[in-house]
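User: Hi! I have a model open and would like to learn how to read its features one by one. Could you walk me through it?

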Number of protein chains: 2
Amino acid sequence: MGLPKVIDIVHGGGGREMWEVIESLVVSRVPEKFKRVMGGIGLESLDDGAAIRIGDVYVVISIDSFTVKPIFFPGGNLGSLAASGSINDLLMMGAKPIAAMDALVVEAGTPSETIEKIIQSFIDVMTSEGVAIIGGDFKVMPHGQLDTAIMTVTGIGIAEHLIVDTNIRVGDKIVVTGPIAEHGAAIIAAQMGYSDKIKIVSDSKPLTKIMLPLLEKYGKYIRAARDPTRGGLAATLTEWASSANASIVIERCRIPIKQEVSHFLEMLGIDPLNVACEGVAVLAVDPEVADDVVKELRSLGAQEAEIIGEVRTPKNPVLRGKVIAITEIGGATIVEPQAAPVPRIC
Amino acid sequence: MGLPKVIDIVHGGGGREMWEVIESLVVSRVPEKFKRVMGGIGLESLDDGAAIRIGDVYVVISIDSFTVKPIFFPGGNLGSLAASGSINDLLMMGAKPIAAMDALVVEAGTPSETIEKIIQSFIDVMTSEGVAIIGGDFKVMPHGQLDTAIMTVTGIGIAEHLIVDTNIRVGDKIVVTGPIAEHGAAIIAAQMGYSDKIKIVSDSKPLTKIMLPLLEKYGKYIRAARDPTRGGLAATLTEWASSANASIVIERCRIPIKQEVSHFLEMLGIDPLNVACEGVAVLAVDPEVADDVVKELRSLGAQEAEIIGEVRTPKNPVLRGKVIAITEIGGATIVEPQAAPVPRIC
């Protein structure tokens with residue numbers, strides 16, 4: 001606990017170490033009354049975004065700095081990732097994404113063509129989802145002071161009802177909308193120089209076309225929603241288990257994952273539950289409608305949507321706040337949230 | 001015009017080259033209908049922020065990546081600069097700042113104490129101005145891939161009436177709220193290693209306490225407002241002259257500037273009009289009330305507020321869109337917007 005002497009890679013990895021540093025560096029320093037405004041959601045939620053109530057609606061706002069390396073990877077690039085990630089952050093709070101602003105910082109000496117492709121991809125994803133680009137910033141740092149580029153995006157959405165993680169209850173079913181760990185696995189492969197040999201493609205994509213109709217039809221039954229990026233499913237579910245003061249029990253055999261992703265990560269000794277997704281939502285759903293939600297998701301194109309587990313009151317109180325994975329052969333292990341296995345995943 | 005082969009320092013400097021790259025890389029690529037939403041202000045304005053109309057009010061949103069080097073400089077640091085700059089962006093659009101979100105990217109190996117000080121300064125400035133911190137992001141890049149830290153801030157404000165630069169008319173008086181060029185001069189001195197010898201302090205500060213009462217009393221008479229950061233007064237006034245299709249004539253002897261700043265920049269051959277301010281507003285004001293506005297500003301603590309010039313229809317059409325400076329001995333020169341003299345000014 002507390003602050004380490006220096007900030008290290010692990011403190012940006014989405015695991016427990018990151019949350020400790022954020023708590024100590026930021027959250028604990030902001031006076032309580034300055035953590036939110038106007039009946040909205042603020043810093044206390046540690047959520048993907050924040051919300052401000054204006055009249056009858058919530059304005060939902062997200063911010064995310066994207067540092068992915070390599071900038072071009074199988075399945076996307078810095079620009080498409082930044083657009084998809086920001087759109088998904090808004091959707092996970094129950095908002096319809098309407099606008100975005102981007103701040104790009106570029107290393108001097110970067111070919112204009114590189115930046116052109118990134119920005120074009122950003123614009124293509126945003127406009128294909130009906131999101132306007134209403135402003136931005138552009139800075140250049142001297143050669144050698146930044147490795148190529150960082151893109152920070154603010155997403156702006158409108159919600160009538162917010163989805164907040166604190167509503168999770170015992171009995172809720174845990175649903176994922178598609179195969180996990182593909183983005184992280186693609187980046188690990190690329191950073192290790194395996195992209196030519198191992199054909200793993202990032203799942204990076206906006207979830208608008210799945211999530212907006214789902215919210216419309218089942219919004220009030222969705223107790224929590226998150227895109228499990230840095231830290232993967234393990235980090236998201238551990239947070240949820242903590243917030244519900246319960247256990248989340250998942251069955252490994254029900255978690256959708258592509259064979260090549262699973263094999264590649266197994267070879268490296270990495271648990272896919274700790275690996276980032278960028279085009280998957282995990283939902284906590286009222287058990288009454290969980291099967292219907294999965295059917296609806298499949299009909300919307302998320303063919304591999306699946307109920308992977310549920311929220312339970314553990315017999316042993318030491319398991320409160322923990323995620324328990326039932327293995328393929330029936331054993332049970334506690335899943336610990338861990339930092340991303342490589343830096344600059346997203 | 002058009003895109004250069006590589007992005008270079010000059011393209012982030014706030015001068016003509018930057019606007020050409022932004023036009024070519026971003027603005028020209030976003031389809032017209034995706035440049036704004038809901039009766040607000042969007043990409044077309046190239047303003048400090050954007051606005052979305054919701055019910056009876058505008059939600060004003062700014063984004064800015066701060067890359068200043070050194071991170072600690074006389075008069076402030078990355079965190080206080082990011083907070084002040086974001087607050088000022090909102091004020092210049094006529095909005096009351098209410099909330100902010102920050103995304104911090106840190107180089108691995110940076111002492112926690114450095115980051116602690118930056119974040120504490122950010123929180124101190126924001127909360128002293130009544131601005132809540134409602135969310136954020138935290139990333140770490142490997143040692144050697146980023147020079148220390150970048151902080152990106154999204155500011156959120158509420159406005160009943162927006163100030164938009166396109167309202168400037170011939171006859172409007174140009175008012176500055178205080179001495180210019182201090183931030184840029186302090187950073188240049190620090191980057192050159194002169195901070196010990198030359199006592200120039202950045203003017204970086206939030207303008208809330210001056211601008212909110214001024215907007216309350218004279219809001220409808222303020223035709224345009226801007227904090228002249230990168231590119232300095234020259235860039236802001238040239239943009240305004242273009243948007244009004246007129247000339248802006250300023251008198252050098254009326255522009256407030258501290259003697260040490262003026263001498264230091266003169267020694268380096270740098271025109272203070274091209275040097276960034278971070279705690280000064282420049283306003284275009286209805287001539288009927290310009291003297292009253294200056295009096296009000298002085299009573300609010302901006303003791304060196306001054307009318308420095310006015311918007312005129314030039315006799316020679318070639319002077320449309322130009323800024324003309326009357327020199328101390330009565331000559332007239334055209335002021336060209338130029339990139340900041342050193343990188344990482346803000």
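Analyst: Gladly! Let us start with burial: a residue counts as buried when its relative accessible area is under 20%. Keep in mind that this is a predicted model. Met18(B) has a relative accessible area of 3%, so it is buried.

User: Where is Met18(B) found, and which residues does Met18(B) touch?

Analyst: Met18(B) sits in helix α1 of chain B, residues 16-25. Leaving aside residues up to four places away in sequence, Met18(B) touches Val10(B), His11(B), Gly12(B), Gly13(B) and Arg230(B), and also Phe138(A) from chain A. Gly231(B) lies 213 residues from Met18(B) in sequence, yet the two C-alpha atoms are 9.9 Å apart.

User: Into which domains is chain A divided?

Analyst: Chain A has domain 1, residues 46-159, and domain 2, residues 165-335. Taken over C-alpha atoms, the centres of these two domains of chain A are separated by 24 Å. Where they are in contact, 24 residues of domain 1 of chain A meet 26 residues of domain 2 of chain A.

User: How do I read helix packing, say for α5 and α8 of chain A?

Analyst: Begin with the angle and the distance, then go to the residues. Helix α5(A), residues 208-218, packs with α8(A), residues 290-299, at an angle of about 145°, and their axes are 10 Å apart. The crossing is right-handed. On the α5(A) side, the contact uses Ile210(A), Leu214(A), Lys217(A) and Tyr218(A), while α8(A) brings Asp292(A), Val293(A), Glu296(A) and Leu297(A). By class, the contact of α5(A) with α8(A) holds five nonpolar, no polar and three charged residues.

User: And what is the angle between α5 and α8 in chain B?

Analyst: In chain B, α5 and α8 pack at about 145°, with axes 10 Å apart. The crossing of α5(B) and α8(B) is right-handed.

User: Backbone angles next, please! Which peptide bond of chain A is cis at Pro70(A)?

Analyst: The bond from Lys69(A) to Pro70(A) is cis, with omega near -5°. Pro70(A) lies in the loop between β2 (57-66) and β3 (72-73) of chain A. In chain B, the bond from Lys69(B) to Pro70(B) is cis too, with omega near 0°.

User: What about phi of Ala181(A), and is Ala181(A) buried or exposed?

Analyst: Ala181(A) is not a glycine, but its phi is positive, about 75°. Find Ala181(A) in the loop between β8 (173-176) and α4 (182-191) of chain A. With a relative accessible area of 0%, Ala181(A) is buried. Arg344(B) also has a positive phi, near 55°, and counts as buried at 5% relative accessibility.

Conventions: Residues are numbered from 1 along each chain as its sequence is written. Chains are lettered from A and ligands numbered from 1 in the order in which they are written. This is a predicted model: local features need pLDDT of at least 70, side-chain atom pairs count only at pLDDT 80 or more; totals for chains, interfaces and linings use all residues. Side-chain values use heavy atoms; hydrogens and water are left out. Axes are lines fitted to C-alpha atoms, for helices over the stretch in contact, and angles run from 0 to 180 degrees between N-to-C directions. Helices (H or I, at least four residues) and strands (E, at least two) are DSSP runs, numbered from the N terminus. A crossing is left-handed if the near helix is turned anticlockwise from the far one by less than a right angle, and right-handed if clockwise. Contact means heavy atoms within 4.5 Å. Ala, Val, Leu, Ile, Met, Phe, Trp, Tyr, Cys and Pro count as nonpolar, Asp, Glu, Lys and Arg as charged, and the others, Gly among them, as polar. Domain bounds come from an automatic or database domain assignment. Buried means under 20% relative accessible area, exposed over 50%, partly exposed in between (1.4 Å probe, protein chains only).
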